[in-house]
Structure formats: structure tokens, C-alpha cells
Amino acid sequence: MADRDRTDADDIEFEFFDEPPTIERTRIEEPPPKRGGGPPLRPRAPGRAPLGRLALLIGGAIVLAVVLVFWISSCRSDQKKGAYEDYLQDVGAIAQDSEQVGQQLNELLTTPGATLEDLQTGLDGLAKQQGQLVTRADALTSPGPLVEEQGSLVESMQLFESGLAGMSEAFSRIELASDPDAAGQTLAEQGGRLIAGQVVYDDLFKGRSEQVMKDEGVAGVPVPGLDFLVNPELLTADSLTELVKRAQGGGGEGGEVTGLHGNGIDGVEVTPPAEGQSLSVDEENTIVASDQLAIKVLVTNSGDFQETKVQVTLTIAFPEPIKKQQTIDAIGAGDTKTVTFSSFTNIDFGRPVTLKVAVKPVPGETNTDNNSVEYPVIFTLE
């Protein structure tokens with residue numbers, strides 16, 4: 001082999017494995033000494049977050065979590081309250097319409113000259129109106145905690161309907177020769193369902209609904225009231241017996257009123273004093289005026305039939321006269337009703353005046369001598 005073809009072993013360079021560069025340990029220089037002596041300041045370790053900033057971030061996260069919890073809770077509370085509001089608003093509309101049925105019932109039972117047929121037809125119509133309210137009430141969807149109370153709402157509406165329908169049926173069986181006492185008792189039994197319906201609504205629906213919402217933490221949502229019975233006295237056996245008598249014999253052919261009819265003033269009392277002060281028509285009466293002053297007029301039915309819508313007026317002949325009026329829904333034969341007048345203003349003290357009370361004559365009344373009475377009075381301060 002020629003010399004030019006040989007390679008001196010000393011000249012061979014092995015470049016397959018590069019020698020790694022020499023790693024020199026980084027020398028951490030000591031910080032310069034602090035001015036004024038003392039140990040030198042040491043630099044903060046690289047990459048470590050300040051503890052203050054970390055605490056701030058953690059605190060912010062906690063506050064955000066609390067805010068979210070309250071916000072979610074508030075949203076749920078608003079939704080819950082809204083559900084009760086929507087439901088009870090629908091209930092209120094039904095209760096209002098049912099009250100109107102009750103007012104029409106009161107009007108029907110106190111209509112002068114109403115016949116048995118008039119009463120039966122009117123009650124039948126009211127029962128149908130109330131039946132529609134039963135359907136509306138049954139279609140409502142209540143919040144979960146008020147499921148039982150919703151059932152009581154429907155039950156109260158059903159009792160009103162049942163009572164009206166039952167009274168209508170009872171009137172359809174009454175004839176001119178029927179026993180008024182027996183008929184009145186039958187009507188009272190049917191009318192008792194109306195009273196029961198009022199109790200169910202007041203206690204089992206309204207009262208319990210208020211307690212449930214209190215337990216559920218729902219505030220500011222009123223439960224609507226319902227006053228179906230304008231005058232519960234009209235549904236007693238005695239009152240309904242008088243109603244039957246009036247419908248049977250209170251009118252003649254062509255609507256002519258027959259029989260003995262009439263009312264009269266039976267006296268006037270003033271309170272306070274607590275035991276009452278009876279006024280005299282023969283001598284001047286001193287009346288002590290106060291914010292508790294009440295003048296009570298006693299009206300007696302001196303006829304043989306129940307009288308309805310009896311108007312009673314009181315007039316005090318001051319320079320600026322005071323005149324008040326009230327209506328007795330119904331007063332039975334031989335019964336006495338007390339009509340109370342109160343809230344007197346603009347009283348003229350120390351001047352003798354006339355206090356007059358009067359009851360308006362009813363159809364068929366022939367003797368009106370006792371329908372009005374005048375009393376000489378003088379008002380003083382306490």
C-alpha cells in the first residue's frame with residue numbers, strides 16, 4: 001500500500017462521540033452587605049409567589065363562592081314565592097266570584113214578594129254558577145306543600161254548590177198547603193252545607209295554607225279570604241220557616257199583597273252608659289257625646305209575615321242635619337231587631353234638637369202610626 005493511502009493512526013479523529021462541554025457549577029455570589037452593617041440581604045427564591053397575593057386570591061375565591069350560593073338561594077326563593085303567588089292569585093279570582101254568588105243568594109232570600117217558584121228558580125241558577133267554580137277550582141295546580149289544602153278548596157266549593165242545589169230541590173217540593181215548619185227545617189238542613197263550606201274554606205284552606213307558607217319560609221303572599229254568607233241568620237230554621245210562610249201567603253193573585261203586614265219603632269237606647277239609656281218622648285233627653293256614642297233603634301215586626309229589606313233611618317235636626325240609614329235584611333213575624341247607628345260628627349252641643357227615627361212601611365202595611373218617633377234631646381260633652 002502506498003504511503004499516500006495509509007493514514008497515520010495518530011491523525012485519526014473520532015468525531016462520533018463529542019466530549020460534552022464542561023459543566024461548571026454556577027457560583028452564587030453572596031449579596032453585598034447591607035449598608036450600615038448587619039447580615040447581607042438575601043434574594044427571594046426564584047418562582048415562589050408572594051404569600052400576600054396567594055391569600056388574596058384564596059379570599060376572593062371564597063367571597064365569590066359565598067355570593068354564588070346566596071344568588072342561587074335567592075333565585076330558588078323567588079321561584080318558590082312566585083309559584084305560591086300565581087296559585088293564590090287564581091284562588092282569589094275564584095273566591096271573588098263565589099262571594100258574588102253568596103251576595104246574590106242574600107238578595108234572593110230577602111226579595112219582597114218572592115214566590116216559591118221565584119226562589120226555586122233563583123237557587124237553581126246560583127247552583128249552576130257555583131258548579132262552574134267547582135270546575136275551575138279542581139283544575140288548579142297548587143305548589144307541592146299545598147296539595148291537601150287544594151283539596152279543601154275544592155271541597156268548600158262543592159259544599160256551596162251542594163247546598164244551593166239542595167235548597168232549590170227543597171223549594172220545588174213545597175206547595176201552598178205544605179207545613180212551613182217542616183219545610184223550613186228541610187231548607188235549613190240543606191243550608192247547613194253552605195255554612196260547612198264556609199268553615200272548610202276558612203279553617204282547612206285559608207288557615208292551613210297560611211301555616212304551611214310560614215313553615216316553608218314564604219312571606220308576603222296573602223291567602224285570599226272568602227265571605228260567602230252575607231247574613232248567616234237567613235239560613236236558620238226559624239228564618240227559613242218565615243220565608244216559606246211569606247212565599248206561601250204573602251201575596252195574592254196578580255202580585256197583590258194580602259194578610260197582616262207592618263213594622264214599628266219599639267224604642268231607642270243610647271250607649272254609653274253600659275246599661276243603655278232609654279229615650280223618652282215626653283221630656284228632654286241629655287246625651288253625652290263621645291267617640292263611643294251609639295244610638296240603637298229597636299224595630300218590631302207587628303205583622304203575620306216575615307218582612308225583608310226593611311229601611312230604618314235616623315235624623316238629628318241640627319242646623320246641618322245628620323241623617324243615617326240602614327237596612328234590615330229580614331225580620332220575622334213578632335221578632336224585634338236592633339239597628340245600631342254610630343260615628344257621629346258635627347254635633348251641635350248645648351242646643352235642644354229633635355232626634356227622629358223611622359221605619360219605612362212595607363208592602364201591605366196599613367197602620368203606619370208607629371213607624372216614626374221623635375225625641376227631644378240635647379247633646380253635651382263628657
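Reply: Buried residues (under 20% relative accessible area, 1.4 Å probe, protein chains only) make up 36% of the 382 residues in the chain. This is a predicted model, in which local features need pLDDT of at least 70, side-chain atom pairs count only at pLDDT 80 or more, and totals for chains, interfaces and linings use all residues. Residues are numbered from 1 along each chain as its sequence is written, and side-chain values use heavy atoms, with hydrogens and water left out.

Me: How many helices and strands are there in the chain?
Reply: The chain has five helices and nine strands, taken as DSSP runs (H or I, at least four residues; E, at least two) and numbered from the N terminus. Along the sequence the pattern is α-α-α-α-α-β-β-β-β-β-β-β-β-β.

Me: What share of contacts between residues at least 6 apart join residues at least 24 apart?
Reply: The share is 75%, with a contact meaning heavy atoms within 4.5 Å.

Me: Turning to helix 5, is Glu-242 buried or exposed?
Reply: Glu-242, which lies in helix 5 (residues 237-249), is buried because its relative accessible area is 13%.

Me: And which residues does Glu-242 touch?
Reply: Leaving aside residues up to four places away in sequence, Glu-242 touches Phe-305, Gln-306, Gly-332 and Ala-333.

Me: Where does Asp-181 lie?
Reply: Asp-181 lies in helix 4 (residues 180-215). Asp-181 counts as partly exposed because its relative accessibility is 48%, and partly exposed covers the range between buried and exposed, the latter being over 50%.
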